Amino acid sequence: MKLSDWHQRFVLQASWTAQMRRFIHTHLVIPPQSKVLELGCGTGAVLCDPLYDGSVRFGIDIDPDRLHFFHKELNEIHLTAADAATLPFASGSFDLVFCHYFLLWLTEPLPAIAEVKRVLKSGGYFAIYAEPDYLGRIDTTPQMNYLAEQQNRSLKKQGVCLTAGRDMVNHMQNAGFGQVQAGIYAYHWQAEQEKDITSESEVLRYDLDQLNLGKAEMESLIELFRSSPGFTYIPTFYAWALKQ
């Protein structure tokens, strides 16, 4: 997949969570002209949201190419290529730090979450908008079980933590965040979601390609996904907490 394809994928994921992000923000007290930071901002699908208009926005990502793509789209945001475990910001810098489909890519999330706590101001918030739990995946047709196993095997090979969603509250508490509020996204299935199905098919092809399957088997699995009469539910968690 090209970088522009990944950007469209990130935009689609951001559309899935837009209402929840706004719900979370009804519980946060963010001052005018606040400083906000996104971990793993990628191509800017979330950080460009008008939800943050009026704030001074910062983003970090370990991939310079994604940051360059982002900069071409919206150059007034402060972007830095950096590792979340060693944030290049002074302590007490931000009113809000957030991430979106990010912690699943960290082998050990606790150092990054500890860094979030360090760079937050007292009274600032850490918001985790979405972290999936692939081991909690539910498929409504038996034929999809093998596909689920293969995709999870690929994700693990790529470095994904398959239990990121269920683990995140524990990580936040271990980093010193108290009074964590968390939940799981509900899911409403529609009979026709062609945009989502096309995007999922492209990502599935990418994932299966990491397993070096034969072309015939890979195409068979993709067709199985596209033609399945059921649907897949992957529990996706959200949370927020205040730095005391």
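Start with burial: of the chain's 244 residues, 50% count as buried (under 20% relative accessible area; exposed is over 50%, partly exposed in between, with a 1.4 Å probe and protein chains only). This is a predicted model, where local features need pLDDT of at least 70, side-chain atom pairs count only at pLDDT 80 or more, and totals for chains, interfaces and linings use all residues. Residues are numbered from 1 along each chain as its sequence is written, and side-chain values use heavy atoms, with hydrogens and water left out.

**The whole chain**

Show the C-alpha trace. Along its principal axes it spans about 55 × 40 × 30 Å. The radius of gyration is 18 Å, which agrees with the value near 18 Å for a compact globule of 244 residues (taken over C-alpha atoms; the globule rule is 2.2 Å times the number of residues to the power 0.38).

Switch to cartoon. The chain has seven helices and nine strands (DSSP runs numbered from the N terminus: helices are H or I with at least four residues, strands E with at least two).

**Helix 4**

Select residues 144-158. This is helix 4, with 15 residues. From first C-alpha to last it reaches 21 Å, close to the 21 Å expected at 1.5 Å a residue (1.5 Å times one less than the number of residues). Its buried residues include Met-144, Leu-147, Gln-151 and Leu-155. Step just past the helix to Gly-159, which takes a positive phi of about 105°.

**The cavity**

The structure holds one cavity of 30 Å³ or more (on a 1 Å grid over the protein atoms alone, a cavity is a set of points where a 1.4 Å probe fits but cannot get out; a pocket is an open set with protein on both sides within 12 Å along at least five of seven lines; lining residues have an atom within 4 Å of a point). The largest cavity has a volume of about 40 Å³ (the space filled by probe spheres set on the points, which are joined across faces, edges and corners).

Select Leu-103, Pro-109, Cys-161, Ala-164, Asp-167, Met-168 and His-171 to see its lining. By class, five are nonpolar, one polar and one charged (Ala, Val, Leu, Ile, Met, Phe, Trp, Tyr, Cys and Pro are nonpolar; Asp, Glu, Lys and Arg charged; the others, Gly among them, polar).

**The second largest pocket**

Last stop: the second largest pocket, with about 160 Å³ of space. Of its 10 lining residues, Gln-8, Arg-9, Leu-12, Ser-199 and Glu-202 are the closest to its centre. Colour helix 1 (3-25) and helix 6 (194-209): each supplies at least two lining residues. Helix 1 gives the most, with five. The lining has three nonpolar, three polar and four charged residues.
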